[in-house]
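Dear colleague,

I am handing over a structure that you have not worked with before, and I would be glad if you could look it over.

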Amino acid sequence: WLLPVIAAIHVSEEYRAFPGWATQTLGIPYSRRKFVAENIVMWVILIAGILLTLYAPGRVGLAIVLATAAGFFLNMLFHVYFTVKKGVYSPGTLTSCLLFVPTSIYIYYLAGRDGFLSVPIVIVSVLLGLGMLPVVIAVVHNAVDSGMTASALIRKIVLMGVLPFIVISVAMAVFGRETVNKVMMYATPLIVVPLVLKTLKKMKEKKKSNMTS
């Protein structure tokens, strides 16, 4: 539960200035509505991972929680990189350096100490951590740009967060926890990697289009 707490602290630092900074520095249209929506989605995914870890013990929830820890560390690298490269402070750099780095290391340390870390777990969690945010940003931004109403966006957020939890829980009950864990562990990279590549390509094309216009 430390993860959602520090995520909230980080978002509170970003809230006022990050949308404007991203629009100006990264050259992408980044409204506060998009910022709020994407962080809600990430919160839902994180809470789902924690609930899976607590109530359906296994590697699925653990992979999501570790992916969040990895994503936090990568987020710190993002803030530091653009602060140094652009010479303009990226809102969120302070909290990501002070909170994300030690917390990410601590979460992986606890998983290793308790015997939960393995090579597949580390690989999947890092891939998820690398891919989750770009995919969520792309989905949310497309939804907002398409004129989706707030209520429809909330329904989509709940559907994205709650439905996978229900499906995984039912699958575990029917096929067994170990079988579902194995399928999730090895199928996730096959799903995430193409999604990340496709999302990055779309974001690059969108940025070029905005620069041209």
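Predicted model: local features only at pLDDT ≥ 70, side-chain atom pairs only at ≥ 80, totals over all residues.

Residues are numbered from 1 along each chain as its sequence is written, and side-chain values use heavy atoms, with hydrogens and water left out.

**The chain as a whole**

The secondary structure consists of 8 helices and 0 strands, where helices (H or I, at least four residues) and strands (E, at least two) are DSSP runs numbered from the N terminus. Of the 213 residues in the chain, 42% count as buried; here buried means under 20% relative accessible area, exposed means over 50%, and partly exposed is in between, with a 1.4 Å probe and protein chains only. Among the contacts with a separation of 6 or more, 74% are between residues 24 or more positions apart, a contact being heavy atoms within 4.5 Å. The accessible surface comes to about 11,700 Å², and carbon and sulfur atoms hold 73% of that surface; these areas come from the Shrake-Rupley method with a 1.4 Å probe, and for residues only the protein chains shown count as cover.

Helix α1 covers residues 2-14 and includes Leu-2, which is partly exposed at a relative accessible area of 40%. Together with Tyr-106 and Tyr-109, Leu-2 makes a nonpolar surface patch of about 320 Å²; patches are made of residues with over 30% relative accessible area and no salt bridge, with like charges joined within 9 Å and nonpolar side chains (Val, Leu, Ile, Met, Phe, Trp, Tyr) within 5 Å.

His-10 is also found in helix α1, but His-10 is buried, at 5% relative accessibility. Leaving aside neighbours within four places in sequence, His-10 is in contact with Asn-75, His-79, Gly-92, Thr-95, Ser-96 and Phe-100. A polar atom of the His-10 side chain lies 3.4 Å from the backbone oxygen of Gly-92.  His-10 and Leu-94 are 84 residues apart in sequence, yet their C-alpha atoms are 8.5 Å apart in space.

In helix α2 (residues 18-26), the buried residues include Phe-18, Pro-19, Trp-21, Ala-22, Thr-25 and Leu-26. They are on the same side of α2, because they cover an arc of only 160° around the axis, the arc being that of the directions from the helix axis to the C-beta atoms. Just after α2, Gly-27 takes a positive phi of about 75°.

Val-65 lies in helix α4, which covers residues 59-86, and counts as buried at 13% relative accessibility. Apart from neighbours within four places in sequence, Val-65 is in contact with Leu-3, Gly-49, Ile-50, Thr-53 and Ile-107. Val-65 and Ser-125 are separated by 60 residues in sequence and by 8.0 Å in space, C-alpha to C-alpha.

Helix α5 covers residues 93-113 and holds Ser-104, which is buried with a relative accessible area of 4%. Not counting residues up to four places away in sequence, Ser-104 touches Ala-69, Phe-72 and Phe-73, and a polar atom of the Ser-104 side chain lies 2.7 Å from the backbone oxygen of Ala-69. Ile-105, also in helix α5, is exposed, with a relative accessible area of 52%.

The structure holds 1 salt bridge, defined as a side-chain nitrogen of Lys or Arg within 4 Å of a carboxyl oxygen of Asp or Glu. The side chains of Asp-114 and Arg-113 form this bridge, with 3.2 Å from N to O. Arg-113 is exposed, with a relative accessible area of 52%, whereas Asp-114 is partly exposed at 43%.

Leu-117 has its place in the loop between α5 and α6 and is partly exposed, with a relative accessible area of 33%. Neighbours within four places in sequence aside, Leu-117 is in contact with Leu-66, Tyr-108, Ala-111, Gly-112 and Val-122.

Technical notes. Polar contact = N/O pair within 3.5 Å; in protein donor to acceptor, adjacent residues only side chain to side chain.
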